[in-house]
Amino acid sequence: MGNLDDSGITSTPDCSTNFGTTDEVIEQNKYDLEQHQKKFAAPAYTEIRTRKNGLKANIMAMNSNSFKNTSKNLHVSNGITTSHEYDSPGRLSVADGKLSPAEEHFQKTSFEEVPLHTACLTYLGFYLLMILGYINQLLFVPKVAKEKYRDGYVALYDAFESFYSRYVYRRVRDCWNRPISSVPGAELTLKDRVTHDYGWSFEFTGTETRCLNLGSYNYLGFAAATGPCADNAEQNCHDMGLALCSSRTELGTTTLHKDLEELTARYLGVEDAIVFGMGFATNSLNLPSLLSPGCLVLSDEKNHASIILGLRLSGATTKVFKHNNMKDLERVLRSNIVNGNPKIGGKPWKKILIIVEGVFSMEGSIVRLPEIIALKKKYKAYLYLDEAHSIGAMGPNGRGATDYFKANAKDVDILMGTFTKSFGSAGGYIAGTKKLIDFLRTNSHAHCYAATMSPPVAQQIFTSMRIIMGLDGSDTGRRKIRQLARNTRYFRKRLAQMGVITYGHEDSPVVPMLVYLFSKIGAVVRTLTTRHIAVVGVGFPATPIMEGRIRYCLSAAHTKEQLDYALSVIDEISDNLGLKYSRKPLDPNPIEY
């Protein structure tokens, strides 16, 4: 078992950047400041709090004086065309030294609580669905649900798991795992299918439906059948074939893999990086290499399943803290350091690791990175940052959460990310010090035993990363980053104006819209499909029973016309199905793009 070295490097965010303004922009900023002040002056707004992380209205009251003072110099745009295109003056932020991390998090993140009557109806509807399922199981078991040749066998599946998948999930099964027959770009093609036995089985109709794609993680629009990425990947297929059929340590390392690792390290601003063929395995097979029994892990309660599996395989002691709650993280951290490892009589832990995500894929929230870095330095813990959804999608240069907060990447001991979202490809990476990466090249199961990354997949990543960095000689990458930021802010503001409840940070391209009732998940997904819009519905057990949602994923490839069409349909459906649960005051002003 090797030990990781804390770099111990601290940095001060660069606040020296000056932006030129025109008279027109100054006038617009004055107008936007007035709108901003009206918004935050509303009494109902101060009641909004981040769920489960203790930042209630008293924090705003405690900091109100400082907020009023800093707001005098505030420049806020009613649309996305200012700061969050990352190149123009904008809202107060941690990086500008105007707000504390807690104030910024509270200001920009929304987790509105469910209305009481909706909560009651959600529980009632779910339990009614369960009761009907049990009656169905007892009286109307179809032949397809009966297993043959199992006499004397112990049940292969857990009783409740089997019941839930057959009699609850089956009712809305047509809304999930829908096959497509195209590249998942701004639009995609669904293969139409029907069921004649109430969801037990499906058959294709032979027809297809072209839909606007609001369900894929194609953040920067690199998932395309044409363009330099596709052309280079196609040429690579002819030059190197489709697969190497070996692990990295045997015959699976090529010059392309080495070049990709060097480019990834340069992109992230660290010493070295290592790439893997599967994003899920990047977490699940590398965490056991870094941790062992006797280690302590502090894990956010909303961390991905790949992290949870990796921690279970490692044998380390895992303590879960409330989502994005810095007070709870420090409480758990301090308590376990003081008490030590109870399995060995309170002696110190071998090492302590904090694991968080850059953008949480189900919540749409962004990690409170500056505060976590401060805690990790205070308590001498290591920090593991999963940037699967933030790399490419966050920050003025697309370098993820560290870029977004203008933090030093070397303050994060282990940077992890995947290439399946912003890069339109597959696989993952871990980046950090050369000592860390050399250790993984020797000890990682994903490096030593798993199949290497396919050459055309690596080529897709290499080409798209060069475009993002501007190494292709164009500003295409920067324009994509700006477009994603613009689309994100516009889409979120329009949804808020409708009166639906959305979760997460205003700059997160993952936009969960709460529908709560299990039946409404199916109703929304099916209705949107008939209007040629493809979305993802998420319900129990992926989310709590109370928090069924539709998850929209925005892309730089989306045009304003496409988003306006989707928003008009969503507004209509929200009226028809009663999805406008929000009790926040609505902004009556038109939202600028």
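A: A residue is called buried under 20% relative accessible area, exposed over 50%, and partly exposed in between, with a 1.4 Å probe and protein chains only as cover. This is a predicted model, in which local features need pLDDT of at least 70 and side-chain atom pairs count only at pLDDT 80 or more, while totals for chains, interfaces and linings use all residues. Residues are numbered from 1 along each chain as its sequence is written, and side-chain values use heavy atoms, with hydrogens and water left out.

A pair of aromatic rings is described by the distance of the centres and the angle of the planes. Here rings of Phe, Tyr and Trp (its six-membered ring) pair if their centres lie within 6.5 Å, and planes under 30 degrees apart count as stacked, over 60 as edge-to-face and the rest as tilted. The whole structure holds 17 aromatic pairs by this search. One of them joins Phe 126 and Tyr 127 edge-to-face, at 6.4 Å centre to centre and with 70° between the planes. Phe 126 is buried at 6% relative accessibility, whereas Tyr 127 is partly exposed, with a relative accessible area of 47%.

Tyr 516 is buried at a relative accessible area of 2%, and Tyr 581 is buried at 10%.

Phe 126 and Tyr 127 also belong to a cluster linked by ring pairs, which includes Tyr 123, Tyr 164, Phe 518 and Phe 540. Tyr 164 is one of the buried residues of helix α6 (residues 159–167), together with Ser 162, Phe 163 and Tyr 167. These buried residues of α6 pack against α5 and α19 (518–530), where contact means heavy atoms within 4.5 Å.

Two further tyrosine rings have an arginine over the face: Arg 150 lies 5.7 Å from the ring centre of Tyr 153, and Arg 486 lies 5.1 Å from that of Tyr 593. A charge sits over a ring if NZ of Lys or CZ of Arg is within 6 Å of the ring centre and within 35 degrees of the ring normal.

Key
Helix = DSSP H or I, 4+ residues; strand = E, 2+ residues; numbered from the N terminus.
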